[in-house]
Amino acid sequence: MLDTYKVVLIGESGVGKTCIINQFNDGKFDPNIKISISAQFCRKKIDLPNGESITMDIWDTVGQETFRSITQIFYTHAKVAVIVYDVTNKKSFEEAKNYWYKKIQELDDKDIIIAIVANKYDLYEKRQVSNEEGEAYAKSIKAIFGFTSAKNNTGIKTLFENIAMKIKQKKNNKSNETNINNINNEKISLINKKNNKIKCC
């Protein structure tokens, strides 16, 4: 049975979190979609280039300030936090940095994967946040960076594939660390046994 990883989309209200998930899950875009007032999720299997698969439970969270304390409940125990901002809304970018990222930093799991996503890329001519700004910030916190357009279905598949590959990479690294630790423990055990034998003689 495949492991399932919890992925949460967080960010200000109206940045397009729900639209990103709907486009990725159903291939649909509804410009008249209502702002989310409750969290919901979809389960999605993502195929990797090497033939392996990752299954994600992708959570859509509410962004309104009124619901922020409730939102925190839903991103607890997440393996991936996708912080979304609107390229045409500078405030949403500032909140991504000054509020949402800091809330993730307060979680017990310091190994959580973070992605910074510049959405509404189809409105590029109205942008208030440049690609360079977003990418530089993502790099500064060692996060995945992606730009998306839920309307045009731009960059969304790539974003989740990159997240899936990062999940797999971390899983493999942990397996390698475990194997190395086991080997080292076996060596220590053998040395201790040998030393005990010498002492007994």
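**Helices, sheet and cores**

The axes of helix α3 (residues 90-105) and helix α4 (residues 131-140) come within 12 Å and cross at roughly 5°. Axes are lines fitted to C-alpha atoms, for helices over the stretch in contact, and angles run from 0 to 180 degrees between N-to-C directions. Helices (H or I, at least four residues) and strands (E, at least two) are DSSP runs, numbered from the N terminus. α3 and α4 are therefore roughly parallel to each other, a label for angles under 35 degrees. On α3, the contact (heavy atoms within 4.5 Å) is made by Lys90, Phe93, Ala96, Lys97 and Tyr101. On α4, Glu133, Gly134 and Tyr137 take part. These residues divide into four nonpolar, one polar and three charged. Here Ala, Val, Leu, Ile, Met, Phe, Trp, Tyr, Cys and Pro count as nonpolar, Asp, Glu, Lys and Arg as charged, and the others, Gly among them, as polar.

This is a predicted model: local features need pLDDT of at least 70, side-chain atom pairs count only at pLDDT 80 or more, and totals for chains, interfaces and linings use all residues. Residues are numbered from 1 along each chain as its sequence is written, and side-chain values use heavy atoms, with hydrogens and water left out.

Now the sheet. Six strands form an open sheet in the order β2-β3-β1-β4-β5-β6, with mixed pairing. Two strands pair if DSSP finds at least two bridges between them. β2 (40-47) and β6 (144-147) are the edge strands, each pairing on one side only. From one strand to the next, the twist averages 25°. α4 packs on this sheet and touches β4 (80-86), β5 and β6. The direction of α4 makes about 160° with that of β6. Within the sheet, β1 (residues 4-11) and β3 (residues 53-60) pair in the parallel sense over six bridges. Leu9 has Asp60 of β3 as its bridge partner.

Asn119 lies in β5 (residues 113-119). At 2% relative accessibility, Asn119 counts as buried, the term for under 20% relative accessible area (1.4 Å probe, protein chains only). Beyond its neighbours within four places in sequence, Asn119 contacts residues including Val15, Tyr85, Asp86 and Ser149.

Last, the cores. A nonpolar core is a set of buried Ala, Val, Leu, Ile, Met, Phe, Trp, Tyr and Cys residues joined through side-chain atoms within 4.5 Å. The largest has 28 residues; Met56, Ile58, Val82, Phe160 and Ile163 touch the most other members. Its largest share, six residues, comes from α5. A second, separate core of 26 residues includes Trp59, Tyr85, Trp100 and Leu107.

Technical notes. Parallel < 35°, antiparallel > 145°, perpendicular 65-115°, else oblique. Buried < 20%, exposed > 50% of the residue type's maximum accessible area, 1.4 Å probe, protein only.
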